[in-house]
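Have a look at the structure first, then read on.

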Amino acid sequence: MSAPLLGQMMDVPLTVSSLIAHAARHHGSTEIVSRRIEGDIHRYTWRECETRAKQLAQALRALGVEPGERVATLAWNGYRHVEAYFGVTGFGAVCHTINPRLFPEQIAWIVNHADDRYVLFDTTFAPLVDLLATQCPNVRGWIALCDEAHRPDLRTEVRCYETLLDAQDGQYAWPELDEKQASNLCYTSGTTGNPKGALYTHRSSVLHAYAAALPDAMSLSARDAILPVVPMFHVNAWGIPHATALAGTKLVLPGKDLDGKSLYELMEAERVTASAGVPTVWLGLLTYMRDAGVRFSTLERTVIGGSACPPAMLRAFEDDYGVQVIHAWGMTEMSPLGTLSKLNWEQSQRPLEARRALLEKQGRVIYGVDMKIVGDDGRELPWDGVAFGDLHVRGPWVIDRYFRQDGGHESGQDSAQRGASPLVDGWFPTGDVATIDPDGFLHITDRSKDVIKSGGEWISSIDLENIAVAHPGIAEAACIACAHPRWTERPLIVAVKKPGAAVTRDELLAFFTGKVAKWWLPDDVTFVDELPHTATGKLQKLKLREQFRDYVLPSALAVAGCPLDDEPAHADKPLAQRE
Ligand code: AMP
C-alpha cells in the first residue's frame, strides 16, 4: 500500500481569536450596541471590541492567569461580556459562563468544580458575590464589570474591570493555539444530581459558528443586525457572539431589561433584522405589542428554541407581524445547535397548512450534526413521523465526555483519567424522545428526564420532591410539570400525607420558601391517597402526568384572566426578567 497523498494547504488552526480578528479587520466599523446596566446605550465597533478584548487578555495575563485556566462570568448580554468571550479565550484560557439564575449553592458548586481563577460579574450580581466569595476559596479575584464610579460596596475585595483595562495598551498579538484546546465551558443545570460541564474546543466553536451563520440556520450576514435575547450565560447565547464576528453582523445587546417594551424599543431604534430567544420572552413581547398597537418596522425573523415553540406563537409572529419564525432545537452538550425548521424548495411549494405543520416541528439538522432515533433495543427506528424513540446525535460540536466527571482530571490527560464516556456506540444520547418524519424533520415528543422547564430554564423535579418529603407530614411526593401560558411549564407537587397528618396545601408551599430559588417554588400542591409506581418501586411520572394533564394551576388562571397582582408571589419570574 502506498502512503496516502497529503493535501498541500496551509495548516491554520480554527481558533476563537481568528473570529474577532476577522471582524475587527474586515468589519471593523460594524457596531456593537449595548443597553448597559448603568442605564444608558453604549455603542462601539468590532474594531474597538478587539482592542479591548486584547487589553483584557493582557490584564488577565498580568494577574497570572495561565492558558487552560478558567475565568468565569456572571453577566448579562453586553459589550464587556463579548470582550470576555474573546479576551479570555484569545490567549488560551477558558471562558466559563455561569447562569446567575441558579441557586447560590449551585453556583458555588460549579465555580469550585470548574476551579475558576477569576470571576467577572455585572454589578447586578454584587450581592451574590459576597455569598459566593465565602464558599469559593480558590477564586483569586472578583472583577466587577464597571468603572470606579460604579464599584459595588462589598465585603469581598473587588477589582474594577475598567481600571484593569486602562492599565493595558491593547498592543497584543493573539498567540497561535492548538485548535483542540478548550475555549469555553458551560454547565448543564443539574437535572439529576450535580451540573455537568460541556467543555468546547476552539475548533468546535468555530465550526459551530460557521454552521450557525448558514442560510438554513440563523442566516447571519453583514447586512443583519441581530439582538440575541437568549442570554450569553446560556450555551454561549446559542453561539451568536461567535457567529456574528464570523459574519460581520451588527450585534445589539439588551442587558438586563428583557420585558416586551424594552426589547421592542431597542429593536426599533437599532433597526434589528433578526433575534433569538426562548418562547417565554416572545410571549412578553407579543403581549406588549398587541396592547400598545405597535408593529415591527425592520424585524424579519426570529429563532425560537430552548423549549418547544407553541404553534400559536409561530402563527402570531407570521400572520400578525410578518416575522418568520425559525424553530430550533439543541442542547448544552451540542454547543447548542442541532436542528432548525427551514423548508427546502419542494416543501416551500406545499399548501400553507402543510408548510406550517412542518415549521411547527423542530426542523432538520444542519451539516455537522447527524441524528437518529433508537428503540429500547438500541436499534434505529424509521423516519415515518410516527415511531418515537431516544434521540441520539453526533458531530464535531457534540461532547465526547463531560468535564472532570471523575472529580478532578482535566482534558489533555489520557482517556482513562477523563471519566466514563456518556456515548452509546459513538453517539450522544440526548435524553429527548422524538419522531423524525420522511422529510427529515425532528419532532420532540417528550423528555426522558422529568425536569420542568420554566421560562426556558430547568427546574429539577427531584430536588423539589426531596424538599417535600422532608416535611414531617408528607409520606411521599412527586413533582411534575403543568402547562403554564406564561412560563411554558411550572411545577406541581402531588403528595401523599402521612397517616393522621394535618398538613395543608399552603403549609407545604410555605415549606419550600428559602430552600430553593424563588422561581423554583412550586405553583401548587395537591394531595392524593397514593402515587403510581413501576414494578421496581419507582414513581411512574408518565402516568402521573397523564392523570394531571388537564390540571389548571392557579397561577395559570391569573395570567389568563386576572390582574397580575393576583399572581401568587411564588410564581415570580426568573431573575433575568425582573426589573
Ligand atoms: P439546555 O441544555 O438547557 O439547552 O436544554 C436542552 C434541552 O431543552 C433539550 O434536550 C430539550 O429537551 C429541550 N429543548 C431545546 N430546544 C427545544 C425545542 N425547540 N423544543 C422542545 N424541547 C427543546
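Rings of Phe, Tyr and Trp (its six-membered ring) count as a pair if their centres lie within 6.5 Å; planes under 30 degrees apart are stacked, over 60 edge-to-face, and the rest tilted. By this rule there are twelve aromatic pairs. This is a predicted model, where local features need pLDDT of at least 70, side-chain atom pairs count only at pLDDT 80 or more, and totals for chains, interfaces and linings use all residues. Residues are numbered from 1 along each chain as its sequence is written, and side-chain values use heavy atoms, with hydrogens and water left out.

**Ring pairs**
- W76 and F125 make a tilted pair, because their ring centres are 5.2 Å apart and their planes stand at 35°.
- This pair links distant parts of the chain, 49 residues apart: W76 lies in the loop between β3 (70-74) and α3 (79-90), and F125 in the loop between β5 (116-121) and α5 (126-135). Helices (H or I, at least four residues) and strands (E, at least two) are DSSP runs, numbered from the N terminus.
- W76 is buried at 5% relative accessible area, and F125 is buried at 3%. Buried means under 20% relative accessible area, exposed over 50%, and partly exposed in between (1.4 Å probe, protein chains only).
- Y172 and W174 are edge-to-face, because their planes are at 90°, with the centres 5.8 Å apart. Both residues are buried.

**A cluster**
- Y264, Y288, F296 and Y321 form one aromatic cluster.

**Charges over rings**
- The charged end of R394 sits over the ring of W427, 5.7 Å from its centre.
- K497 lies over the face of F527, 4.6 Å from the ring centre.
- Here, NZ of Lys or CZ of Arg must be within 6 Å of the ring centre and within 35 degrees of the ring normal.
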